[in-house]
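Subject: Structure handover

Hello,

Here is the structure you will be taking over. My notes on what was found in it follow below.

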Amino acid sequence: MKGKLIDVPRRTLAGLLALLTLAGVIMLTAMGQSTMQPLPASAPGREFSAERALRHLEQFAAEPRPLGSPAGDRARTYLVGQLRAVGLDVEVQRAIGANSASGLASFGQVDNVVATRRGTDATGTLLIAAHYDSAAVGPGASDDGAAVAAMLETVRALGTAPLRNDLVLLMTDGEEDGVLGTEAFVREHPLGRKGGVLLNWEARGVSGPSLMFETSRNNAGLVSTFAAAAPHPRGDSVMGELYRLLPNNTDFTPLAKAGFTGMNFAYIERSSRYHTADDSIANLDRGSLQHHGSTMLALARTLGDADLPALAADHDVTYFRILGVMVTYPSRLVWPLAVLAVLAVAGLALLARRARLASIPRIIVAAASATAPLVLAVILAQGLWEVLVALRPAYDGMGGLLHRPLAYQAAVTLLAALALLAWYLPLRGRLGPAALAIGALVWPAGLGVLAAWFAPGAAFVLTLPALLCALGGLAALLLPGAVWRVVALTLGASMAAMLLPALAGTAFDGMGLALGGVSALVLALFGLTLLPLAELALPEPSRDGGRGSGLGVVVVAVLAVALTGVGFATDAFDATNPQRSHLAYVLNADTRVAHWVSGDAEPTAWTRRYVSGQDTGSLPAGYARRTLWTGDAPVIETEGPRVAILSRAGDTIRLRVRAGQGARSVTLRVERPITQVTAGATGLTPVTVPVSGIRANTWPGEIRFRGIPARGVDITLRVPGTDPVRLTAIAETDGLSAVPGFTPRPPGLVVSTREDGELIAVTRTYDLRPV
């Protein structure tokens, strides 16, 4: 029993036509994920205009505005003025924001902008949120200036007529340093504890459609509203499930934990610009700004006049787009569909057995062997990334988010195809095409069951392709006529063509080539669903078990290598697509010795003007983290940080910390683990956070205070034990222009995204003993 699932006259032509049809489906699906055309400033007043929003962006997002910076103060002043000009009640909430991670306590003095408009007959609060601070090395035109500008244009378009519900615009500070502003808002502000419906806006690139990528739990009412109200709804529930697996968060996270229900939006394409100087107004896709704003305005109108308590639900929904139509179904259908997919595959196996096309043992062996192409596809994709980093070490600093990755992505696609061919071609003559095709469907069906258990919102992307492919196979075996059999298989595979390549593309955009194995796995699963149609386009299986099949594998391998070479040539760094470089200036104020420091794996020619070796022994105690390049630097006159020990009782140490004139932040590194830290400043409520774990590759305890007041802060830390403890204080000032001999980066280089880059760091080390 080694038959084919179907066989037809002119099989090669039929197979090619079917595969071309599916290619057309993939292209139509991709076209349906486009963004919007930007509207000019002359657009009607009730509509959102990207050009009008852009005028605001030009006023506050032309320079970096990190927490505590003068640029942040200027941006906040502009935003407050604009919000008051359209009639909103505006306050600036000043507080200490706090967060913790392994071995780390982060604090910052934040200034949140909170603007309100009372509703006429409020059923609750609609909160629209975005952050106005940026990364320290870039102007953040997309992250998150575009959303803030969209908020200004949205509230203008809403006009003076109040909505039914209370409207709150929250422009947070300190998001880039660990959602500090939002943490302070939900902890101290009355509106943060009141709850409501939340719309949060973000960006992880400079282009692409505005995607609804995360929701709160029990999202049925919210998703229904989004699908009906948004003019061009984009996003799906698999994105939310994937996002929960990543170590990322946004302002949405603390607000959702505080009781807000809502949705989170972002665009994610051209993410190589993320958190760099190239996140600029010049690089911002105006269509992405339009999509952000049109969606924001439509939802503000709809939710602003809705009965908000009526949106409450007791279940989630699965949601996704198919050829421009938003499909939703309740979570209670996830398991039935997963089980139905398994039953359909089992039914196909039994029918093929009855038709003497494949035996059950052969199908089982085929299913087990299909592990090989899935694993091999992942290995090859990740291996490609390792090769690229070895050949071009600067890629490592980009985290896999490359400027022009298309050729590399095509190579990953071919590597997935290579893995499939290396498995399928030798076995089709031994196990039979039908057994392999049916066994292959066990994987999307089986993984769909796992997804239904662990990530129900993502199950559809596996269960629906498996179900439809199995049903298409059943119809192909039962229908008379060759044409109808091919049509049945093609229609069955169409769902896979609409879902799986799009998911691979999203993974490429969101995770980059550093995690290219994720996209390769998805593409390999897609390939498994195409086996019956691909079989039609292949020559008859050889009786020698496939010894003549090596040529196809070699051809695909050569093409993958060639595309890798094309990618290497076309993704060369230049002024438009710059390379990242890391450099910092470190002055030990105790010894009056200064160094240049770079964390680049392979410093650029410009960086090598400042660093020459990897000797970190003369750096201040506790400063070095991971491998660093160093070089001698001139000593500058600067005040530096000061730490006064106020008291030490047992494991509790009270300190008074000042960063010194001009410094924006201070970092304290402690040579022993810390378990709890409290930070306070004059006129602000002290905040305490627990700390567990240790920092990697440096001293185990670390405390940061961004936007530190000039008068300093009080820090109380708990360090188990009573022995003396060393602490190194690092005062951090943005920019390197104050260092004699420093010359700016040439075109083709931008500052890297490392947190300690482009800083003047001045250190002092203290022995913390009982006083």
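How much space lies in the second largest cavity? The answer is about 50 Å³. Please note that this is a predicted model. The residues lining the second largest cavity are T638, E639, G640, A659, G660, Q661, A663, A731, T733 and V762. By class, 4 of these lining residues are nonpolar, 5 are polar and 1 is charged.

The other cavities

The count of cavities of 30 Å³ or more comes to 5. The largest cavity has a volume of about 110 Å³. Its lining is made up of 13 residues, and those nearest the centre are L441, C469, L489, T529 and P532. Five helices each give at least two residues to the lining of the largest cavity: α15 (433–454), α16, α17, α18 (516–529) and α19 (531–537). The largest share, 3 residues, is from α15. The lining of the largest cavity has 11 nonpolar and 2 polar residues, with no charged ones.

The second largest pocket

The second largest pocket holds about 760 Å³ of space. It has 32 lining residues, and P501, A502, L503, G505 and T506 are the closest to its centre. Two or more lining residues come from each of α1 (11–31), α8 (237–245), β8 (317–322), α14 (406–428), α16 (460–478) and α17 (482–511). With 11 residues, α17 has the largest share of this lining. Sorted by class, the lining of the second largest pocket has 21 nonpolar, 7 polar and 4 charged residues.

The protein as a whole

The secondary structure consists of 20 helices and 23 strands. The radius of gyration is 29 Å, close to the 28 Å that the globule rule gives for 771 residues, so the protein is as compact as a globular protein of that length. Along the principal axes, the C-alpha atoms fill a box of roughly 90 × 65 × 55 Å.

Of the 771 residues, 58% count as buried. The accessible surface comes to about 29,400 Å², and carbon and sulfur atoms account for 60% of that surface. Taking contacts between residues at least 6 apart in sequence, 81% join residues at least 24 apart.

Regards

Technical notes
Residues are numbered from 1 along each chain as its sequence is written. This is a predicted model: local features need pLDDT of at least 70, side-chain atom pairs count only at pLDDT 80 or more; totals for chains, interfaces and linings use all residues. Side-chain values use heavy atoms; hydrogens and water are left out. On a 1 Å grid over the protein atoms alone, a cavity is a set of points where a 1.4 Å probe fits but cannot get out, and a pocket is an open set with protein on both sides within 12 Å along at least five of seven lines; lining residues have an atom within 4 Å of a point. Grid points are joined across faces, edges and corners, and a volume is the space filled by probe spheres set on the points. Helices (H or I, at least four residues) and strands (E, at least two) are DSSP runs, numbered from the N terminus. Ala, Val, Leu, Ile, Met, Phe, Trp, Tyr, Cys and Pro count as nonpolar, Asp, Glu, Lys and Arg as charged, and the others, Gly among them, as polar. The radius of gyration is taken over C-alpha atoms; the globule rule is 2.2 Å times the number of residues to the power 0.38. Buried means under 20% relative accessible area, exposed over 50%, partly exposed in between (1.4 Å probe, protein chains only). Contact means heavy atoms within 4.5 Å. Accessible areas come from the Shrake-Rupley method with a 1.4 Å probe; for residues, only the protein chains shown count as cover.
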